[in-house]
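Student: I would like to go through the labels used for this model. Please set each one against its cut-off.

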Amino acid sequence: MQQPILKVENLTKVFTRKGQPDFAAVDHISFDLMPGECLGLIGESGSGKTTAVNMITRLLDPTEGKIFLDGDDITGISGRELRKVYAKMQMVFQTPTDSFDPRCTLGDGIGESLRNNGWGRSSTNMEVARLLEQCGLSADFASRYPYQVSGGQCQRAAIARALAIKPKLLICDEATSALDVTIQKEIIALLNNLRWNHGGKLTILFICHDIALVQQFCDRVLVMYKGKIVEQGRPDDVIRNPQNDYTKRLIESIL
Amino acid sequence: MSEPTVRVQKIKKNTVKTRLIIFGTLALLLLIGSIFSEHLTPYDPYVQDLSNAKAAPSAAHLFGTDRYGRDMLSRVIVGSRASIYSTLLLVAIITVIGTVIGVFCGWHGKWIDTVLMRISDMFLAFPGLVFALAVAGVLGGGLQNAIIALAAISWPKYARIARSQTLSQKETPYLKAAKLSGSGTWKIIFKHILPNIMGPILVTSMLDIGTMMMELAGLSFLGLGAKPPIAEWGSMMSDTRSLITTVPWVTFAPGLAIFVSVMIFNLLGDTIRDYADPRSRGR
Ligand SMILES: Nc1ncnc2c1ncn2[C@@H]1O[C@H](COP(=O)(O)OP(=O)(O)O)[C@@H](O)[C@H]1O
Ligand SMILES: [Mg+2]
């Protein structure tokens, strides 16, 4: 039995705000993600998907629960140890343009993880050019600023940035939601391509609220509703034979 | 339909740029003038000529002479160094201290943030100049102590701005991406946060130059800043205030200098604020 790349146990986030009752945005979710697998996470807006991945990437501290990456407990780590973990796990954000510093070039952003891991300037520049071409952009995009490129081009650059350090796990938080349908298709094609040309090792956690996209892209799907995982299984099975009321409504609303 | 808006924006952008050039040049001239002030004076500002005391403005002495017969124009020119340099030093000090404290609070959060922000609240709640008077009174007079006193009451404004800007930067996706790239705290602060928050902070500094010049002059006027015979505009006005009814020019000359410089720096600050606003600049 292989060990999962990512194992999440009882992950919970409770937001406490003054004058309002405590609110569990993510409520005791547990799942495993096997090497090479592409796992979809769907659910309506506000169901806690982003909160969940922010905890997995340790950008947000969980209220309760544990996260294991590659067998190591990463729930409580910080500083240097956490930075080491980011060489194994990367994320693509929902808003491509906002995910690059407006005062740095795309090349700076893509090469940042390499520079932080001891790469020299010229080898970083060459690798950035290679990554840009791999993601379907020409090498001269490295000197552009985020507001000088379109959303789709920026998302390609963001994928290049996420892949720069050769992570084992790639998390896409609605990476296509902010794009037009045609651009969306191109990005999915790019991800598909990278998935198989990454030595067959790239594991993807694909967050989305479009069940059709998940059906064509993912091996397995988790359905999230109000912070809980209400259903999971192969996308085809979940769509044909939903067990949970919420999933039924979700599928009906699309068909 | 969209053409007129485009034209309006262009005109606006151009006037902002022209204003920037005009006021930038004036401020620069003022600065350069104050550096070389000793060489620009028509007379020696410290030489007394009692036979020509209290002379009214004339072709020879544009601003007249004071009660010791010293040329007022020369004294005002030399005074620019103390007035302008101490003001710039003061503004630089409060900008740096306020920004450091604000970024630290915003980034670190937790109890340190609470403690420092309550302290800054205290400073903000106190009538500033009264507090500066007290500090300058305790420390004794002198330009240096006046700067310390004003710095002590003026940093909280910058700390507040830097803190709120840092907090909003912390929420941006690109800062999360920088963390995921394995950048440490210092790199994130210097490469990503500071460049993105410097705009509003610098605009505030520019707008504060005028205010701080007035407050320094005010302290000097009250005898808590520059001490005679150093020519400083505030203390020059103070020294001569008893003569205002008989020889008004000795008070008006430094007053006019303060007025003009404060105006220039305020207008430059306004212009930089307009220029930094992306709506008036476009991409
Ligand atoms: N920092 C926060 N403080 C309080 N509530 C939050 C915070 N972040 C998210 N939430 C709430 O948590 C819920 C889940 O949000 P999110 O994880 O962004 O959902 P999704 O990504 O599935 O659209 C939402 O109701 C949101 O309002
Ligand atoms: Mg989301």
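**Labels and their cut-offs**

Student: Why is B:Asp121 called partly exposed?

Tutor: This is a predicted model. B:Asp121 has a relative accessibility of 27%. Buried means under 20% and exposed means over 50%. The value lies in between, so B:Asp121 counts as partly exposed.

Student: What makes B:Arg118 and B:Asp121 a salt bridge?

Tutor: Their closest N and O atoms are 3.1 Å apart. The cut-off is within 4 Å, from a Lys or Arg side-chain nitrogen to an Asp or Glu carboxyl oxygen. The pair therefore qualifies.

Student: Why are B:Arg118 and B:Asp121 separated by about one helical turn?

Tutor: Because they are three residues apart in helix α4 (residues 110-125) of chain B. B:Arg118 is partly exposed, with a relative accessible area of 47%.

Student: What makes B:Asp208 and B:Lys157 a salt bridge?

Tutor: The N to O distance is 2.9 Å. That is within 4 Å, so the contact counts. The pair links distant parts of the chain, 51 residues apart. B:Asp208 is in helix α8 (residues 185-221) of chain B, and B:Lys157 is in helix α6 (residues 143-170) of chain B.

Student: Buried or exposed: which label does B:Asp208 get, and why?

Tutor: Buried. Its relative accessibility is 5%, and the label needs under 20%. B:Lys157 has 36%, so it is called partly exposed.

Student: What makes A:Lys168 and A:Asp70 a salt bridge?

Tutor: Their side chains meet at 2.7 Å, N to O. That is within 4 Å, so the pair meets the definition. The two residues are 98 apart in the chain. A:Lys168 sits in the loop between α5 (151-163) and β7 (169-173) of chain A, and A:Asp70 in the loop between β4 (64-69) and β5 (72-73) of chain A. At 39% relative accessibility, A:Lys168 is partly exposed.

Student: Which residues are linked with A:Lys168 in a network of salt bridges?

Tutor: A:Asp70, A:Asp72 and A:Lys88. Over all chains, the search finds 21 salt bridges.

Student: How do you know that B:Phe36 is exposed enough for the nonpolar patch?

Tutor: Its relative accessible area is 44%. Patch residues need over 30%, so B:Phe36 passes on accessibility. It still counts as partly exposed, because 44% is between 20% and 50%. B:Phe36 lies in the loop between α1 and α2 (37-40) of chain B.

How values were computed: Residues numbered from 1 in each chain as written. Chains lettered and ligands numbered in written order. Predicted model: local features only at pLDDT ≥ 70, side-chain atom pairs only at ≥ 80, totals over all residues. Heavy atoms only, no water. Helix = DSSP H or I, 4+ residues; strand = E, 2+ residues; numbered from the N terminus. Buried < 20%, exposed > 50% of the residue type's maximum accessible area, 1.4 Å probe, protein only.
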